[in-house]
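Reader: I'd like to go through this one label by label and hear what stands behind each. Can we start with the model itself?

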Amino acid sequence: MLKLILKSLWARRRRNVWIILELILITIVAWVVLDPAIVTGYNLSLQPGYDIDRLVSISLSEIPEKGRGYKAENAEKFMDDVRRLLDKVRTYNEVENATIVTNTSFEQGSMNVSSFPADSTDGCYVVVKFFRNTDFFKTFGIKDLDGNNFVEPPLSGNDIIISKSVARIMHPGINPVGHYLNESSNTASHRYEWDRNKLIAGVTDDAIYRSTMGRSPIVYKYEKDSKIRSANSVSLALRLKPGVNPDRFIVEYSEMISKSLRSGNIYAHSPISYTDIKDNMSRIERNKYIISLALVSFFFINLCLGIIGTFYLQTRTRSRDTGIMRSFGATPGSILREIISEGWIMTTLSCVIGCGLYYLYIRKEGLFEPDSMWGHSDTIITAMPHWHDSFWMHFGIISAIIYVALMITVSIGIYFPAWRISHANPVDALKDE
């Protein structure tokens, strides 16, 4: 049967060449629009590594001096008032746990980063600050290396907690607990003394600081009350009980929060779910992703219509050939398989050529990479790999997706007219001969 298919393709080579050229062009254009859409969509869909679906943030503010209700005696002890508010929200029926967070915590506007020592790595990690004994890790649902809830260990002044990726980078192959973060570095630079003097007290599973970052090596460092200068630099994070809808909770508790959640000069306001915060923080990237999806949708609608139309008309003109085949005893099924196989062979050849031509381009320019503060850090990529970091895996997956999409589209364009002409009466098919 293969020999018959190849002979048929060669006999119609002039017409088939134009179809193959069309499919090659479509393959190249598909690479241009699909690659960024798929990679960006993958990064935005990554799980954050903590229980974001049940988290609600409550902002805190301070009554200004000379403002109505301002108490001068409370000005220097505002963190005591913050902790009283924390105790209050923990009494709410639908709240499972709560903690105090700084502006350098998950999905917050600020970011504190520190470079890995230059003699061992080429990237940086995020410093997340938390308050000791406020159930920070329990509230966020951060896991340990065994997949259980991470339990905050006793901490002293020089202790830190690191994520799994930092452990891989700084202390590969060993348990880093009890070691200093930067003890293996040979650098004598004062720049890294902070890292050198920090003792690792625990290791958590990886989490993503911001959804748009895709990966985040994290060092958790506890914050002292004395270093907080304003209530505006902290907020409350609430973890709701299972089954509680954050949006419903916000509606039901907003009035209570704004009226009664006050202590001294500190008052709470503006509850918002962490899911909404995440969407707000990634708005620019999501808008780009939506535009990419729109381009992909537009492209594939036209792709389907164009390819289906081309193969539909091409197949309809072969009623004479199928009539001859039927008169020699060919079954409708064998005719249908032959015509579809011809389309598959042309599609495969076109996709191989199209992907090969695009390879010549990306070999110099590179495949699509999402925007990241880490740039092209080989160290971080090695410690926290994604499929699109590997050139050949990236190239193979996108090529396979394009190939499958083309095969499905071509099959649809061929099947219906091929089924009709393969079941037609041979006399009717040859009546004009």
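Predicted model: local features only at pLDDT ≥ 70, side-chain atom pairs only at ≥ 80, totals over all residues.

Reader: Which residues of helix 3 are buried?

Author: Phe 78, Met 79, Asp 81, Val 82, Leu 85, Leu 86 and Val 89. They cover an arc of only 155° around the axis, so they sit on the same side of helix 3. The arc is that of the directions from the helix axis to the C-beta atoms. Their cover includes strand 1 (55–62), strand 2 (95–102), strand 8 (234–240), strand 9 (262–263) and strand 10 (266–273). Helices (H or I, at least four residues) and strands (E, at least two) are DSSP runs, numbered from the N terminus.

Reader: How do you know that the span of helix 3 agrees with its 12 residues?

Author: The expected span is 1.5 Å times one less than the number of residues. For residues 78–89 that should be 16 Å, and the end C-alpha atoms are 17 Å apart, which agrees.

Reader: Why is Tyr 209 called buried?

Author: Its relative accessible area is 0%, so Tyr 209 is buried. Tyr 209 is found in the loop between strand 6 (199–204) and strand 7 (218–222). Leaving aside neighbours within four places in sequence, its contacts (heavy atoms within 4.5 Å) include Phe 106, Glu 107, Met 111 and Val 128.

Reader: Is His 386 buried or exposed?

Author: His 386 counts as buried because its relative accessibility is 14%. His 386 lies in the loop between helix 12 (378–383) and helix 13 (391–422). A polar atom of its side chain is 3.2 Å from the backbone oxygen of Gly 214.

Reader: Why is Ser 270 called partly exposed?

Author: Ser 270 has a relative accessible area of 44%, so partly exposed is the label. Ser 270 lies in strand 10, and its phi is near 55°, a positive value in a residue other than glycine. Glu 107 also has phi near 55°, but Glu 107 is buried, at 3%.

Reader: What makes something a nonpolar core, and how many residues has the largest?

Author: A nonpolar core is a set of buried Ala, Val, Leu, Ile, Met, Phe, Trp, Tyr and Cys residues joined through side-chain atoms within 4.5 Å. The largest has 31 residues, and Trp 31, Phe 299 and Ile 402 are among those with the most contacts inside it. Helix 2 (13–45), helix 9 (283–316), helix 11 (332–365) and helix 13 each supply at least two of its residues. Helix 2 gives the most, with 9. A second, separate core of 28 residues includes Val 95, Phe 131, Phe 249 and Tyr 253.

Conventions. Residues numbered from 1 in each chain as written. Heavy atoms only, no water. Buried < 20%, exposed > 50% of the residue type's maximum accessible area, 1.4 Å probe, protein only. Polar contact = N/O pair within 3.5 Å; in protein donor to acceptor, adjacent residues only side chain to side chain.
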